[in-house]
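Here are my notes for someone opening this one for the first time. Have the sequence and the model side by side while you read.

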Amino acid sequence: LRTASVSKRSQSVFRWTASDGGRGRVGRCGAGYCRSVRTEIRRLARADIAAGSVFVVVRLAVLLAGTTARRSGDSVTYLPGVLPTLDFLGDAVKLWAVPLLFRIARTDGTRMLAQHLIATGAWLLLAFAIRSRLRTPSVRTGALVAVMVLALSQQVIGWDAVMLSESLGMSLTMIVAALWLLRTRLSLVGNALLGLAAVVLMFARISVMALPVLVAVTAGVAA
């Protein structure tokens, strides 16, 4: 009798209802408070989308808030000019990825904008890739926001205005890392993009040339 009483009391506190089409609405009806698990998850998902939207707007606001493109002493080795800066066979001063971007974007302002847009997309991709690897909704949102806050720091966003390889190098690294995290869920096209991003990264900065090789080796081992 005691067991039956406890079971009956538990049913009055936690109840599954079939009237919601099997969506799994769980309610604490004994306390007069009902909550949908799926609604809660959707709310957190909307929070993630809102965080991503705020991130894009804030980065754009930083770009428009009087930020000007800057050159350093080494910028001449990436920009079209007297020195041979673009050569796919290795006869130029620098590797070809950054000079190619700067050749396509013909002014410092458009180069800064291009670096800014690539970086924004790269950090967003990394943030949502890390989020996808986590299970707890609150932890997902926390990780998402943490990556975005890091991407908004001056140590990261400041390089978008400088005519050097740091911005594109960081962005490509984030893209490779994000696609690597998502590799088991990617289609053939997605894996091809991972390979392409890794190849371009190899020719963006000499200091990270070992990273794409490591990605290829670990992918082969995992396969």
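Where does threonine 77 lie? Threonine 77 sits in the loop between helix H2 (37–64) and H3. Before going further, note that this is a predicted model, in which local features need pLDDT of at least 70 and side-chain atom pairs count only at pLDDT 80 or more, while totals for chains, interfaces and linings use all residues. Residues are numbered from 1 along each chain as its sequence is written, and side-chain values use heavy atoms, with hydrogens and water left out.

1. The overall layout. The protein has nine helices and three strands; helices (H or I, at least four residues) and strands (E, at least two) are DSSP runs, numbered from the N terminus. Along the sequence, the pattern reads α-β-β-β-α-α-α-α-α-α-α-α. Of the 223 residues, 33% are buried, where buried means under 20% relative accessible area, exposed over 50%, and partly exposed in between (1.4 Å probe, protein chains only). Take the contacts (heavy atoms within 4.5 Å) between residues at least 6 apart in sequence: 58% of them join residues at least 24 apart.

2. Threonine 77 counts as buried because its relative accessibility is 10%. Its side chain reaches the backbone oxygen of aspartate 74 at 2.6 Å.

3. Arginine 106 is found between H3 and H4, and it counts as exposed because its relative accessibility is 69%. Arginine 106 and leucine 79 are 27 residues apart along the chain, and their C-alpha atoms are separated by 9.3 Å.

4. The largest nonpolar core. A nonpolar core here is a set of buried Ala, Val, Leu, Ile, Met, Phe, Trp, Tyr and Cys residues joined through side-chain atoms within 4.5 Å. Which members of the largest one touch the most other members? Phe102 and Val176 do, out of 23 residues. Two or more residues each come from helix H3 (97–104), helix H4 (108–132), helix H7 (166–181) and helix H8 (188–202). There is also a second, separate core of 16 residues, with Ala119, Leu126, Ala127 and Met174 among them.

5. H3 and its phenylalanine. The buried residues of H3 are Ala97, Val98, Pro99, Leu101 and Phe102, and they pack against H4, H7 and H8. Leaving out residues up to four places away in sequence, Phe102 touches Tyr78, Leu79, Pro80, Arg111, Gln115, Met163 and Leu164.

6. H7 against H8. These helices pack at an angle of about 150°, with their axes 9 Å apart. That makes H7 roughly antiparallel to H8. For the terms, axes are lines fitted to C-alpha atoms, for helices over the stretch in contact, and angles run from 0 to 180 degrees between N-to-C directions. Angles under 35 degrees count as roughly parallel, over 145 as roughly antiparallel, 65 to 115 as roughly perpendicular and the rest as oblique. H7 passes H8 in a left-handed crossing; left-handed means that the near helix is turned anticlockwise from the far one by less than a right angle, and right-handed means clockwise. Residues that meet here include Val176 and Trp180 in H7 and Leu194 and Ala198 in H8.

7. H4 against H5. The axes of H4 and helix H5 (residues 137–151) come within 8 Å and cross at roughly 160°, so the two are roughly antiparallel to each other. Their crossing is right-handed. Among the residues making the contact are Trp123, Leu126 and Ala127 of H4 and Leu144, Val147 and Met148 of H5.

Terms used. Polar contact = N/O pair within 3.5 Å; in protein donor to acceptor, adjacent residues only side chain to side chain.
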